[in-house]
Amino acid sequence: MYKVLFLVLLVFSGNSISRELDNITISKLMFDDIYGNKLYIETTEGWTEVGCHRSTWSFVLNIPTNSELHRNMYSMLLAAKASGAKLKLVGKATCDDHNFIESLRRVELK
């Protein structure tokens, strides 16, 4: 009985679905001092409502001042925006950094 309940919860959990946007370009980047060190990313791919994500912004990236990884991701995103390069962006399947916008986990510059 518990195994069946666990499987049902796993299948229908909204947090288990992360988004992958492949072969896209960045259309807009935004910082707003109201939200702190968070970069909002909008892509040429239209938005879809998946898991916790319910925004026209594609992803949000929290950039803590002590995180070299997130600063490097930010640099890649800026380079991709400036050059119009194609990217693959993968989310975390959570909206930890901002309600209704999926947090960014991975950036692949093509």
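Reply: Of the 110 residues of the protein chain, 37% count as buried; buried means under 20% relative accessible area, exposed over 50%, and partly exposed in between, with a 1.4 Å probe and protein chains only. This is a predicted model: local features need pLDDT of at least 70, side-chain atom pairs count only at pLDDT 80 or more, and totals for chains, interfaces and linings use all residues. Residues are numbered from 1 along each chain as its sequence is written, and side-chain values use heavy atoms, with hydrogens and water left out.

The protein chain has 2 helices and 6 strands. From the N terminus, the order is α-β-β-β-β-α-β-β. Helices (H or I, at least four residues) and strands (E, at least two) are DSSP runs, numbered from the N terminus.

Now strand β5, residues 87-91. In β5, 5 of the 5 residues are buried, so the strand is largely enclosed by the rest of the structure. Leu-87, Leu-89 and Gly-91 point one way from β5. Lys-88 and Val-90 point the other way. In a regular strand the side chains alternate between the two faces of the sheet.

β5 pairs with β1 (residues 20-24) in the antiparallel sense, over 4 bridges. Pairing requires that DSSP finds at least two bridges between two strands. Here Val-90 of β5 is the bridge partner of Glu-20.

β5 also pairs with β6 (residues 104-109), again in the antiparallel sense, over 5 bridges. Gly-91 stands opposite Leu-104 of β6.
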